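Trainee: I would like to learn how to read a model of this kind with care. Could we go through it one feature at a time?

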Amino acid sequence: MPALVLLGAQWGDEGKGKATDLLGGSVDYVVRYQGGNNAGHTVVVGDQKYALHLLPSGILSPGCTPVIGNGVVVDPSVLFSELSGLNERGVDTSKLLISSNAHIITPYNVTVDKVTERFLGKRKIGTTGRGIGPTYADKINRVGIRVQDLYDESILTQKVEAALDVKNQMLTKLYNRRAIATGQVVEELMGYADKLAPYVADTVLVLNQALDDDKVVLFEGGQGTLLDIDHGTYPFVTSSNPTAGGACTGAGVGPTKISRVIGILKAYTTRVGAGPFPTELFDEDGEALRRIGGERGVTTGRDRRCGWFDAVIARYATRVNGLTDFFLTKLDVLTGWEEIPVCVAYEIDGRRVEELPYSQSDFHHAKPVYETLPGWSEDITKAKSFSDLPKNAQAYVRALEEMSGAPISAIGVGPGRDETIEINSFL
Ligand code: GDP
Ligand code: IMO
Ligand code: MG
């Protein structure tokens, strides 16, 4: 059986957690391949609500092995508090596997994230402040700390020393902060080693063997396509590759193994943090989307910026990820609007542009060109099949599908596991 990738098609918070959890019961492994605890995935199971940040959403499905791949950055303090939070609620987390090659978010990476943002002032990215960017920067600079380093104290000390050499200069001379002592960091990290040991594995080997044995492996993206370091709205992006290719490098599985790439697509658009967002609304419609959709960050508690659906972005996501399917979420949030505008193209300096411009300056000037679709007022949260939807809701879905370039194979009509209309099976 094949490998599937499930990823965000917009700027994150599309409902990846719910979609992963929904499939979790039918897959053998759920793998995070990039990002860290900057993610915030809400999963609703019956009357229980779970907020996951670092752990794969598959951790809530008893038959499934959750895996943190080599491409993820791991904050051990967050990991253990998330694990104990789940254990207290009766969730068995003992099957979790963590790649020995995953990088560690150290306390100094969190400090650097916060001070750099403060220093940027008006130009800040609006990061989650979790140390994500600095940890990936250390990885690329070859001064990162990996999970396996916790099992060789002398190597760990040398590496922390090397990383702090430059950082302490920066912290003390540029940012007017106190220097961080190597010994203190090493002691804190070594304190996690024994607790972490039962989870550490050669996850690349495990996953490839699983695929050879016909197991089903689901790669769960964090963030979204437009937050991708290569394909997103740089520099207003995260520091990893949430796009489909990231699953290969971030888990060590070849592209030939992946047979399906599912883009999670919200029926409107949201974004957290700074950066361009052509369909953003500053009026009562934006406020209503935020209120009805509960658009408040799971990780930082920030209000999400809200706007209408943007088909240019959806087409772009289809292209850069090779999407085979969409999972359209939160259609229920649009119930009650008489008319729903959908962005079909942009106007940039007087020209109509059908595809995402390659120049960031152009994207900053892009004005949405809207087509207006008729809305519906019937409650759709109990709909179980496509034909249960009101005609106008069906037409809205079909129009989005046409514009976005891949079939919509499932529709979310509420946050719960069972509030989903399945059109084409994913497995
Ligand atoms: P993720 O980061 O992509 O996993 O998404 P978040 O969990 O940050 O945000 C999505 C929010 O929408 C969560 O609160 C979900 O419980 C909720 N949600 C997911 N799908 C649906 C849906 O189809 N309808 C409604 N009303 N809420 C949904
Ligand atoms: P999920 O997985 C929405 C945004 C931050 C900021 C930018 C960089 O829940 O969809 P970072 O801390 O990653 O360096 O911040 O990326 N961001 C997200 N926005 N959902 C997320 O994750 C996000 N993770 C990071 O707001 O603009
Ligand atoms: Mg989220």
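This is a predicted model: local features need pLDDT of at least 70, side-chain atom pairs count only at pLDDT 80 or more; totals for chains, interfaces and linings use all residues.

Trainee: Which parts of the chain make up domain 1 and domain 2?

Mentor: The protein chain is divided into domain 1, which takes in 3–93 + 202–422, and domain 2, which takes in 103–196. Taken over C-alpha atoms, the centres of domain 1 and domain 2 are separated by 29 Å, and 26 residues of domain 1 are in contact with 18 residues of domain 2.

Trainee: How should I read the area buried between domain 1 and domain 2, and what share of it do carbon and sulfur atoms give?

Mentor: The general idea is that the size of an interface is often given as the accessible area lost when the parts come together. Here about 1800 Å² is buried between domain 1 and domain 2, and carbon and sulfur atoms give 63% of that area. On the domain 1 side, Val-73, Pro-76 and Phe-80 supply 31% of the area buried against domain 2, more than any other three residues.

Trainee: Why does ligand 2 lie between domain 1 and domain 2?

Mentor: One looks at which domains give residues to the shell: both domain 1 and domain 2 do so for ligand 2, and therefore ligand 2 lies between them. The shell holds 20 residues, the closest being Asp-13, Lys-16, Thr-128, Gln-223 and Thr-238; by class, six are nonpolar, eleven polar and three charged.

Trainee: How many residues surround ligand 1, and which are the closest?

Mentor: Ligand 1 is surrounded by 19 residues, of which Lys-16, Gly-17, Gly-40, Thr-42 and Asp-332 are the closest. A polar side-chain atom of Arg-304 lies 2.9 Å from an oxygen atom of ligand 1, and a backbone N or O atom of Lys-330 lies 2.9 Å from an oxygen atom of ligand 1. A nitrogen atom of ligand 1 lies 3.3 Å from a backbone N or O atom of Gly-414, and the protein covers 92% of the 580 Å² of accessible area that ligand 1 has on its own.

Conventions
Residues are numbered from 1 along each chain as its sequence is written. Chains are lettered from A and ligands numbered from 1 in the order in which they are written. Side-chain values use heavy atoms; hydrogens and water are left out. A residue is near a molecule or strand if one of its heavy atoms lies within 4 Å of it. Ala, Val, Leu, Ile, Met, Phe, Trp, Tyr, Cys and Pro count as nonpolar, Asp, Glu, Lys and Arg as charged, and the others, Gly among them, as polar. Domain bounds come from an automatic or database domain assignment. Contact means heavy atoms within 4.5 Å. Buried area is the accessible area (1.4 Å probe) that two parts lose on being put together, summed over both. A polar contact is a pair of N or O atoms within 3.5 Å; within protein, one must be able to donate a hydrogen and the other to accept it, and residues adjacent in sequence count only if both atoms are side-chain atoms. Accessible areas come from the Shrake-Rupley method with a 1.4 Å probe; for residues, only the protein chains shown count as cover.
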